[in-house]
Amino acid sequence: FDLFPHAENEAIFKKVRDSGEPVFFKDKPFEFSDQPERGITYWDWSLVPVKDKDNHVTGLVFSLRETTQSKRAELALARSEEEFRLIAETSMDIIFQTDTKGRINYVSPAVHQIGYNPDQVRGRPFADFIPARELSNAEAAFQAVTRGEPISLLELPIIRADGSMDYCEVSATPLKRKGYASGVQGIARIITERKDTEQKVRNPTEVLKGINRIFKVGMRNENDENLAHETLRIAEGVTGSGFGFIGEISPDGLLRDIAISGPGWENCSMGEQTGHRQLPTNFKFHGLYGKVVNEGRPFFTNDPAGHPQSIGTPEGHPRLTAFLGVPLFYGNQIIGMIALGNKKGGYSDDDLESIEMLAPAFVEVLLKCRAERSLEVSRAREHENALRFKQFLDFTPVPVWIAHDPELSLIHI
């Protein structure tokens with residue numbers, strides 16, 4: 001020990017020599033007094049006594065292997081994991097780790113924000129918490145991360161423990177062990193409140209723009225169908241609906257559609273009173289439509305099939321996953337309705353309020369355009385009648401005296 005003085009190691013050597021018992025050490029630290037720049041080094045070493053036939057120790061076999069690099073990496077990883085755990089356990093965001101197949105190995109306590117405790121989540125695939133309609137997007141993002149492509153601020157809906165929906169913003173990076181992908185590590189921040197606020201701010205603006213567009217179409221005095229189709233496009237855009245229709249109550253008591261849209265209608269046929277099959281044009285007041293018209297109140301349901309007043313849909317009708325209906329009023333009289341269907345994620349009170357704002361604008365412009373067209377027709381008829389009467393007067397061979405006042409003043413002769 002003259003070259004590498006170390007009291008502890010010297011004592012170990014003496015103990016093995018005196019006891020005859022071998023010793024083994026893993027990652028035993030050692031500092032070189034003459035090479036302080038190396039810092040603490042680590043070594044696996046063993047010391048085995050060599051004995052004669054009388055079992056006396058005659059020598060020692062010393063085996064040594066440096067493990068400094070691997071031990072320092074291990075210590076750094078432990079520190080990193082401890083720091084990660086400390087951050088994760090106190091973070092308001094949901095921090096998670098998965099394996100390469102998407103099974104969740106770790107999730108932080110912040111998962112309680114969506115109604116779970118960590119034990120209810122660990123061991124399950126992340127796909128269990130993503131709605132089916134968004135699963136392909138989520139899986140594509142996951143695969144990209146495992147290929148080494150981080151994602152940032154990806155918005156995804158997430159299923160709460162009670163089955164309702166929240167929105168989260170996900171950022172994730174690949175986890176690597178010994179240079180190979182071992183999974184994904186990420187942060188999910190719940191942004192439902194922010195999304196709701198954005199929607200509340202955006203919706204009134206979009207509704208006001210929509211009302212302005214309806215009045216612009218009205219200024220062109222276009223026919224009922226063009227006005228209704230434009231209004232329907234606006235209503236679908238404001239609410240994110242998949243399809244819809246605008247109907248008017250006709251004199252025969254049926255709901256006559258003025259505008260209709262959406263995929264699947266071309267395959268839909270409904271029975272007329274005569275029993276013939278036709279594309280949907282006249283609807284009877286029953287089912288969900290009937291609830292709106294008969295009760296005169298707007299409503300929505302995100303479970304149409306399970307609603308007490310649902311009567312199902314006709315053959316070929318687009319599958320209905322959500323429904324919203326708003327009656328159209330002229331004064332106190334119901335004259336029709338706006339019906340919308342299949343908003344992704346379902347309708348809300350904000351959607352209902354938006355269509356309630358659009359409905360009176362549509363009715364006002366519709367009736368104004370009809371009145372103006374009627375007036376134009378009336379004026380044209382008056383003009384035509386005046387021309388005919390003038391021709392009659394001009395070609396009549398006898399004097400004609402026309403008076404339009406009590407004094408019988410001569411107007412035309």
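Glu169 counts as buried, because its relative accessibility is 12%, where buried stands for under 20% relative accessible area, exposed for over 50%, and partly exposed for what lies in between, computed with a 1.4 Å probe on protein chains only. The model is a predicted one, in which local features need pLDDT of at least 70 and side-chain atom pairs count only at pLDDT 80 or more, whereas totals for chains, interfaces and linings use all residues. Residues are numbered from 1 along each chain as its sequence is written, and side-chain values use heavy atoms, with hydrogens and water left out.

Glu169 belongs to strand 7, which covers residues 165-177; helices (H or I, at least four residues) and strands (E, at least two) are DSSP runs numbered from the N terminus. Leaving aside residues up to four places away in sequence, Glu169 touches Leu153, Leu154, Glu155, Ile187, Ala188, Arg189, Ile191 and Arg194, a contact being heavy atoms within 4.5 Å.

An open sheet of five strands has the order 5-4-8-7-6 with antiparallel pairing, and two strands are taken to pair if DSSP finds at least two bridges between them. Strand 5 and strand 6 are the edge strands, each pairing on one side only. From one strand to the next the twist averages 30°, with axes being lines fitted to C-alpha atoms, for helices over the stretch in contact, and angles running from 0 to 180 degrees between N-to-C directions. Strand 4 and strand 8 pair in the antiparallel sense over five bridges, and Phe96 stands opposite Gly186 in strand 8.

Leu153, one of the contacts of Glu169, lies in strand 6 and is exposed, with a relative accessible area of 53%. Leu153 has a positive phi of about 55° although it is not a glycine. Most residues other than glycine have a negative phi.

## Ser182 in strand 8

Ser182 lies in strand 8, residues 180-190, and counts as partly exposed because its relative accessibility is 26%. Residues up to four places away in sequence not being counted, Ser182 touches Thr98, Asp99, Thr100, Leu175, Lys176 and Arg177. Ser182 and Lys101 are 81 residues apart in sequence, but their C-alpha atoms are 9.4 Å apart in space.

## Cavities

The structure holds three cavities of 30 Å³ or more, and the largest cavity has a volume of about 410 Å³. On a 1 Å grid over the protein atoms alone, a cavity is a set of points where a 1.4 Å probe fits but cannot get out, and lining residues have an atom within 4 Å of a point; grid points are joined across faces, edges and corners, and a volume is the space filled by probe spheres set on the points.

Of the 25 residues that line the largest cavity, Phe96, Phe126, Ile130, Val170 and Ala188 are the closest to its centre. Two or more lining residues come from each of strand 4 (94-98), strand 5 (104-107), helix 4 (135-146), strand 6 (151-159), strand 7 and strand 8. By class, this lining has 24 nonpolar residues, one polar and no charged, where Ala, Val, Leu, Ile, Met, Phe, Trp, Tyr, Cys and Pro count as nonpolar, Asp, Glu, Lys and Arg as charged, and the others, Gly among them, as polar.

## Strand 9 and its partners

Strand 9, residues 243-249, is mostly covered, with six of its seven residues buried. Six bridges join strand 9 to strand 16 in an antiparallel arrangement, in which Ile246 stands opposite Ile338 of strand 16. Strand 9 is also joined by six bridges to strand 10 (residues 255-261), again antiparallel, and Ile249 has Leu255 of strand 10 as its bridge partner. The hairpin of strand 9 and strand 10 has five residues between the strands, and in this hairpin Gly253 takes a positive phi near 85°.

Helix 7, residues 287-295, is largely enclosed by the rest of the structure because seven of its nine residues are buried; the buried residues are Gly287, Leu288, Tyr289, Gly290, Lys291, Val292 and Val293. The helix is followed by Gly296, which has a positive phi near 65°.

Asn342 is placed in the loop between strand 16 (333-341) and helix 8 (349-394), and at 19% relative accessibility Asn342 counts as buried. Although Asn342 is not a glycine, it has a positive phi of about 65°.

Note on methods. On a 1 Å grid over the protein atoms alone, a cavity is a set of points where a 1.4 Å probe fits but cannot get out, and a pocket is an open set with protein on both sides within 12 Å along at least five of seven lines; lining residues have an atom within 4 Å of a point.
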